[in-house]
Structure formats: C-alpha cells, structure tokens
Amino acid sequence: MTRALTRRLPQGGRIDRKRPIAFTLDGRRLEGFAGDTLASALMAAGVTLVGRSFKLHRPRGLLSAGVEEPNALLTLGEGDRREPNIPATMTDLMHDMVARRQNAWPSVELDLMAVNSLAAPLLTAGFYYKTFMGPRRGSWMFYEPFIRRAAGLGAGTYESDPDRYETRHEFADVLVVGSGPAGLAAALAAGRSGARVVLVEQDSLAGGSLLSEPLGGPLETWRNGRLGELAALPNVSIRLRATALGLYDGNTVALVERRGHLRPDPAKGEARQIVVTLRARAIVLATGAAERPLVFANNDRPGVMLASAVRSYLHRFAVAPIGRVVIATNNDSAYRTAVDLAAAGVAVTLADLRATPAPGAHTAARQAEAKQRGVEILTGTAVIDVAGGKAVTHATLAPISGGGARQTRECSILGMSGGWSPVLHLTSHTGIKPRYDETIAAFLPGGYAPGHFGAGALQGRFDIAGAIRQGFAAGAAAAAHAGHGKSVGGLMLPEGVEAAAAADAYGIEPVWQVPNLPKGKAFVDFQNDVTVKDLALAHQEGYQSVEHLKRYTTLGMGTDQGKTSNINALAIMAGLRGVGIPEAGTTTFRPPYSGVALGALAGRSTGHHFRPQRLSPMHDWHLANGGEMIEAGPWMRSWWYRWAGNSVGKAYIEEMRLVRQGVGIADVSSLGKIDVQGPDAAEFLNRIYVNGFAKLPVGKARYGVMLNDDGLVLDDGTTTRFAETRYFMTTTTAQAGEVMSWLEFLLQAAWPDLKVQVASLTDEWAGMAVSGPKARAALELALPGCDLSDAALPYMGALETAFEGVPVRLIRLSFSGELAYEVYAPADYGIALWEHILGAAAPLGIKPYGLEALAALRIEKGHVAGLELDHRTSLDDLGLGKMAGKEKAFVGRELRQRPNLQSPDRWSLVGIECLEPEKRLRGGSILFAASDKIEGHGRGYITSVTFSIELNKYIALGLYQGGLAHKGEEILCAFPLKGEQTRARIVSPHFIDPEGKRLHA
Amino acid sequence: MPERQSAIAYALAKGGHDGPDGHRALKLGAVKGGSLIQLAAFASTLGQLEQAAAPLIGAALPAKPGVVTVAGTRRLLKIGPEQFWILGPDADDLAAKLQAGIDPGVGVVTPLSHSRTRITIEGALARDLLAKGIPLDLHPDVFREGHFAQTGLHHTPVLLLRSGPNRYEILAMRTFALSVWDWLTDAAMPWGYDVTT
C-alpha cells in the first residue's frame, strides 16, 4: 500500500457524516460519506494511487476535482453493469459501489506492465506509425490487435446493458449552462424577467467554483440566497448532474442527465441516463474555466495536483494533506489555496514563477496575506522536479533565472497552477474559433452566435464580482432576446468581495515550460502520456499544425479530450516554432464535451423499439392461424402457413399447388394504394406512366410502369378507374412511399396547373388476393348477389360492391398468372372480410398462402417485382419497351433514349431453367456463358429464384448481358459463397401460360 | 355490418401497468370508431371549395392550420394549403353528402376513417410522456387546447391534437399504430398507466 498523502478532517465539508457509505476498491472495503465523490472518498481513505498511465504504466494519482480529470479513470460495476474509464471526480459515491483501478497487471500497486516505462525511449510520438507500418502494406492490421491489448485503459463488457435509457425533448426561453457565480446570476436575471429558464449543472450541487469556498463564509451565504430565490421562481428549473454535451444549430443543446445516484430500476421503467434535446430561444454560457498544470519533470507523480483541486478537496470534502504542501504557480489564484491550507494548519511553501515586484494589482495583497498566515513564499522560483515513485516525497525548487542554488522541500502534495483556460467548448461547437488574449494568457470564445451570451470565467472574468455582474447582465440580455424584456432589478454582491478590473484579475505571467529541466519526463498530456520531448520530436519531424500534432502524438485525445493539456501543448509548440500562440492556433473542440454512455445516445431505441413495424390489418389473424411472419422492409408479412407444412421449403410448394389447382387467399395489404382524383387525373396518369392511361374506361384496370426522370424504371402497378375523376392506384410494397412522394412532388413542382389531388390509401384499405382456377367460384360464394361472370367482370375489370354494408372493391387482375381477384375493404373490416371469404369458400378448399408462394408464383409467370425493379433497370431491360407510348409525353421519355440505356449489351431480363436436376439455383448467382472462365463479375446475375411445381425444376429470373438474344443458350450459374456451379439455360421469362389463357378464364 | 376492429385491439385488451409506486398516473386509450374525411381543393379552387363545403358541414372550413374548429360533433382541421381533415362520429353521412354536393372540378373527398388509429393520452403527466418522443414545445401556453400539429413519433408521421387541459390525441397511421402504442406504453412505464376503452 502506497503511503497516504491525505486524510479526512474531523469536521467541515459538504458531506453528511451521519451517512457513511461503504464501497470497495479492487475488492478492499473502504468508507466515505454521502456528499463525497468517489475521488474525494479515495483521498479521504488515503488512497494515493488511482491507476496506471495509458502507455507507460506510470503510477498516477488524482490531478483534479472535476470533469477535466485525466488520471483517475476507474472501472465501475460488475458483470453486465461493468463500465470502464469513469472519472472518479464526477462519480457520486454510492453504497456498495464496486470500483477497480485500471491498466495494470497483476495490480495497480505491483504493475509488471510498468516495464513499458523502461522502454519509454522507444515509445515516443509516432512510435506505432513508425514501428508497425512495415514490412508490407497491411502490416498494421496484423499488429493492431496486439497493440490494442497492451495499451488502452479499462475494458468494457460484452454483455448487453441491463439499464434503461431515455430521451426527451425540452424547450426553454433561456438556457443557462453552468451554475457558478455567473450562471446563478444569469438564471436569476432571466428568471425574474418571467422567461422559462433551465439552468444545467454537471455537478451534483449547484454553485460551481463557490462549492470550493469555505463553508459559512459570505460566498456561501450569497450562494444559498440565490438558490433560494431561484427555487421560489416557478419558471426556473435547475438540473443537476446534467452536462451540456454539444451545442448545435437552431439553439439546440444536447444534455445528458445522469440519474445513477437514484439507483434506477429498469424493470420499473426508470432510466439511468436521459439524453435531452433542449431547444432554447437564448443561451447563456457560464461554463467557467479549468486550471492548467505546470510542466516540470515528473509532474505526473501521485500527489501532484492542480492547486484549485487541493482547495476543493479541503473545503468541499474536508480532505487535507498530511504534511507539507508545495504550491507552484505563475498567477495569483494559487495563493488562495496556500492561505486556506495554512489556515487549516498545513505547512505551505509557495514557489511563484513570477519575479518581484508583483505583476498583478492584487498580487502584493495576496502575498502579504499568505505571509501573515506563515506561508513560505519563494518568488522567481520554479518547481523543476519532484521525487517519489508511487507518491511524491519532495520537490526540487530552483530560481527561474537559471542561476542560484536548488532547494528541496519535503511534501505530500504539490499544488500547481499554470493559469486558467476558459471552457469554451460549446462556442467551439458552433464553429466559432477561439481568440487568444494575452492579458489572461488564454483563449477566449471568438464570439457568440446570435442569441448566445457568455459570462464569468468563460469570458476571462476570474473575479467573483465581475463574474456575477456579467452573468446578471447576460441573463437579462438573453431574456430580452427571448422576448422577455421585463425589468430584472438589481443584484447584491457577496459581502466583502471587491470588484477587480478584468485586465489584472489574476496577474498571470505564463511560463509554459520551466527552463533547464532536469532529466525526467515532463508531461503535457497525462492521459495520453505525451511529454515535452514528444512535442519536440514531432516538431523536429516537421509537424507544424496543431491538428497534425494532435493526431501524431495523440495529445488531447481520450476521455478528457485534452482539457488540461491542449493550451500548454500548443503554447510549447508555438515556442518551438518561434511563433506566437495565436498563430499556432488551437484544435477544434467537438461534441461531446465529456464522455457519454452509448446506451444514453441509443435511448429506448433498442430491441423491438429500434424501429416501428408496419402491420397489415389481418396481422393478428395470421398470428392466430399458423402464419409464420417475415420482415419485408418495415412490414411484417405472412411468409407461409403451418397448414401447408412445417417448414418454408415444404409449405410454399403446397401453397403454390393450392393456387395453381384450387383457390388460395393472400394478404396483399402492404401494396401501396393511392387515391388519385380530379378532372385532370387521366392526363396526370398519362404523364407518369409510360403507357397510355388517357382513355382507360370507368370500371377498368390497367397495368402501368413509371420511370423516374433518369429514364430508369421507378415502379410498376395497376391503376383502376372507379369513376370519371376517381382512380385507385396500386404500387409495389417496396416503392409505395417513394411513388407517393414522387407524385406529390410532380403535382406541386412540375404541374401545379393540373387539377389533381393524391392521398395515400395504404392504411385505409385492407387488400387480399383470391387466386386460382376456383377463385371466381370462391368469391361467388362469398359475395352472393354480385355478378362475377366473365361478362360482368372480365380480366382487368373492376367493380365496387358491398358485403354486409361494408364497401368492397374488386379488381380482376393476377400476379400469380391464375384467374385472380384483388379484393379490398376498409382496414378495420379486413379480418371480417378475410374470414368471411375463407368460411364461405371452405367447400372449395380455400386456404391462405404467404409471401414465399406469392413470389414463387409470380416468378413462374415471369412478372417482375422489387428484385428486378432496383432503380438500375430500364424499361427495355425488363422486356417492357413496347409498352412505351409512341405519341405521348411521359416522365423519363427522353432520358430513356440515352445510348447507354439502348445498348444491346445491357443486362436484361431472362428466364433461367436449371439443367441439373440434383442441383438448385440460388438468388444472387453470377452468370457466365458456358465457355467463359469463371472469374470477375460475369455477364449477369439471378434476381429471383424458385422451384417450379409446374416444370418440376428450379427456375429463375435474372439479368443477362444481351438478354433474350441468347435464348436457348446454356450458361453457368456460379455461387462462390458455397463454391457451387450449376448448368442452366436461358429461356423466356414466361415459364407458364405465356398466352394468358388462365387469366382470361 | 361487422364490428370495426382496431389495429391495437389486442394491445388495449392487455390493460394497464402499475408504476413503481403502484400508481397509474396516466390514462392511455383509443377512440373507438370515428370517421375521418379528407377534403381537398385544387390550387385554384380553394375559395370555391370553402363556399361549397360550408353549408354541407354547417360551419366554415378553418382558414388557418394548427387550430381545430369545432362544429357540433365534428372537428375541422386545416392540414395543408388546400387540404382539410374532418373528424366526426362513427356513423356520419358527411362523406357521402360532400361527394354528392361538391363538384369534382372544385374539390375531392377521400374517406380515411380506417387509415388512422386515434390514441388518447390523459393525465397531468401526458405532456411529459409526449416530450419523450415529440420534438414540439407542448407548454400549455404554447400548445393550447384545440391546437394540433403534424409531427413525428417513433419514426412515423402523426397528428397530435390537444383535446383537453391534460388530454391529447394522437392520430397514428393504422399500420404503424401498434408500434406507436408499444412505444407509448413503454415510455409510460415509470409512471404507470391505465388503459381506457
């Protein structure tokens, strides 16, 4: 066990000492309190080592107390709830929490993988690229799995996530991101205006930086007062544990709300995380700033922390260092940590990189206060190295000038402050480039989109009074932007807070890299093990752009996305290049701001909620009557029925026999159905179909083919004229939506002068096909009194009738090639009519048949369907060229004549019959001429295949180069997936009844 | 005449679900039967259609979309530049009257009673339930009683109508209705729901 560096103070902190919380770390039982984060509980328990680093397996401790944490990434939970790489700083401590440290074997304390550290000279920037790219192309693919195993952080689980996640839409007049001094003030101003305000805070408590202030002080009083005021405003809603992940166009913000602390029970529908899509009229960004580390040798040793984090742990969690603390800083802010530690009885040495006299307006006062508290202050002094392996033991200090004697100080904690970087991720998401501000040595948002406002530390206002004033003004401005101009009154500042001028708010004098560093790794990016040397190497190898630097060194990648490292790195790089920081530029921050579970992004779109299913009106009947279902696009369709066999292979043959020899009924409700009405409907149809529709008589149906404007086939179907100005169109199942949109587009954009209206009837009418030689007899039994004789209802005839008061549409047309009728009834009566026909025609042996038989029957007949209408075939490819009207205009007419579409070598529709009785044909087979070498893409492929009961062999439809010009030739059907080659012959696609005698029976 | 069979009949028969605390905070259900007529003019005949339809309906067609006009037992919705929906009782002869009374050169009538499944959601949490899937601001001051919107739910187009202080109706495509219902009942799990028929 590593030496403890910290301990819990006997009192203080925002923790509830009456509520102890037990948890385990690597199986060891530890205890913290309600109000602790996992990180603070670990520190209170004296755990110094929180993990091993990504590449070099160096021991690491906590760096921060917040979302920027690069080191303390733990694996939480067990079994199917195991989740890796969770920052301990952002995790509420919970009863029985199971935490494991990562990236070490056999244990974090004794990590044998730390030999990597010895090989460190090899593991420099670009190591993988340089080492594993050879000897051949594709070598990386070989090495990658091994490398991924050796490097990397925690491992997830392959079990499915048992938790539930939700999504929600939300709207607000004003969204305030961040609840620090600026955010609270902004929310209050906007709230007073009457605007609907949502205040989001990623922490479990509101207050931001105020939470790290001493309890019982004036800032705490101010915070409590403002929270009280906000709570009293019904139009203000505060969301804790809610992180703004991304800011998008249209003032849309993605939030993730974490509710794990409530122990949500998925069985009760409780969500573990909720992704909220929030649309706001105005947005106030009060996201604060993050402290930067300093770069010196061994600055990654456990115990080296951000100075502000030391203060957070002290005040918020009552965790104090054991023994002396050394503070290293280049600005005023770390003095507060020094003063507060000294007040808590901790011995403090403060090494201030800045020389005297004090550069900031308030520096002298800070120094005086610290001195008074007994802090040892060494100005013009840098920490250049720390000693200690798994825990820091002492710091080496040296004058910044390079001369003078080195000194050492024993210490348990080293707090460092390299300045503050505004958290400008959200403005960066909107595409606004940050701008560098010399006075605060940091990037600021380069501007704001209309309706966006910034305040506080994000704007470089690091003093509390300035942040509050700016926040209040931004809140009022945002409310006004959202249409709430009501006066918002004034706002009291906390007692004793002096207003500072912005320019010298914290007196920073940046020293990006301490000069004359001793040997030892000086880390810039802790999570990715990127050191100053790696940056130098990248520079030496010619990497100039920060974006390239990032990808070459992996700097700024990983779960923290370089929150602590980016600015230091690019400043050092600018130094190496001899250019200014603005010229070097910064990388672009992209969403998400912090890590988010994939489950949360999926929400409830999992399992059968992944996408909706379309169900026929007869769906329930199929389920109850032996129907086996199959997905067909969004539809569930009856595939085959148990009456016909116990497998699809057996059943569809029986069902085909039923239709060829008796009568069957199939559910065709999924066909697209479109109401086309208006005085110009005939003209409209005549323009969209290739064949003539102008003179279709009332009571007649006609088969038609539509082209898209490329001249390729869009869809086929039938349209029936039921009245002078009223038509009933059907489309294929697959193209129903597309045809409907196409028709609407043409009417609105191309021919707005046509008096035509279209409406989808797909959901309105249930459809069933009654097919077979006994189809007429069956319907005569079902619809007595309706004259169905060939004279009254000939082939391609249609009529409207009724059954028990239910309107019924009958169209005599055939997909199967047999005598057949399509029967339509309003959807809610679908089952009633279906059952009625089955019952009435029972003496004829009528039974249902499914999609497999339906498809097989049409292949025998040589009807094209979705597999042939794939948006790549032309009218001529499908053998339908003769249908095209010669005298009339129709969509696609001109482009259909493109030379390429008229080439005799195009792959066009053929029938294929199997010549080897013991073999079968397979869909997708590649077609070759008998004399061809079997390689490449061949001369075509099989689109649809079935066993033909009429011909007692496998038959297929396919596309073949030159098409029916090769009728009678022998070909080879190759199916490489199974290593099969089958001899076959090109034949007419009309395998049965080419004259159509059965249709007209 | 046979009875109409709802697309979600079996799902409705399954009944409600207790929330974690044993409560059933929401009421979900379906409007039984009901008629829906689509009435549409051509670009140049909107005025003529409005004139012709008003006496047959007994009320003027709404001039603006988004707000329902109540006309006796019927509700009139303008759903497009020249398109209207008329929601009426199950046995309504209005479609026939309109078909007979409106010149086909002026407008068209399309009965769509079976094409939509009307799902009802009632309760103080109805808004929260809808917020899980519908990207519209349903704040009571924004989406008021009688307001409606054509929007999307669970990847399908729906028409959402606020029919009471805490009551909403969703007109879902019939073929997708069961998926939408499943989605809604799953979303309602954390609060519990009763099924009203």
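Domain bounds are those of an automatic or database domain assignment. The structure is a predicted model, in which local features need pLDDT of at least 70 and side-chain atom pairs count only at pLDDT 80 or more, whereas totals for chains, interfaces and linings use all residues. Residues are numbered from 1 along each chain as its sequence is written, and chains are lettered from A and ligands numbered from 1 in the order in which they are written.

Chain B is divided into domain 1, formed by 9-32 + 115-196, and domain 2, formed by 35-111. The centres of the two domains of chain B, taken over C-alpha atoms, are separated by 26 Å. Contact between two residues requires that their C-beta atoms, placed from the backbone, lie within 7 Å. By this criterion, seven residues of domain 1 of chain B are in contact with six residues of domain 2 of chain B. On the domain 1 side, the largest share, three residues, comes from strand S8 (residues 148-153) of chain B; strands (E, at least two residues) and helices (H or I, at least four) are DSSP runs, numbered from the N terminus.

Chain B as a whole contains five helices and 11 strands. Its radius of gyration, taken over C-alpha atoms, is 18 Å, close to the 16 Å that the globule rule gives for 197 residues, so chain B is as compact as a globular protein of that length; the rule is 2.2 Å times the number of residues to the power 0.38. Along the principal axes, the C-alpha atoms of chain B fill a box of roughly 60 × 45 × 30 Å. Among contacts in chain B between residues at least 6 apart in sequence, 64% join residues at least 24 apart.
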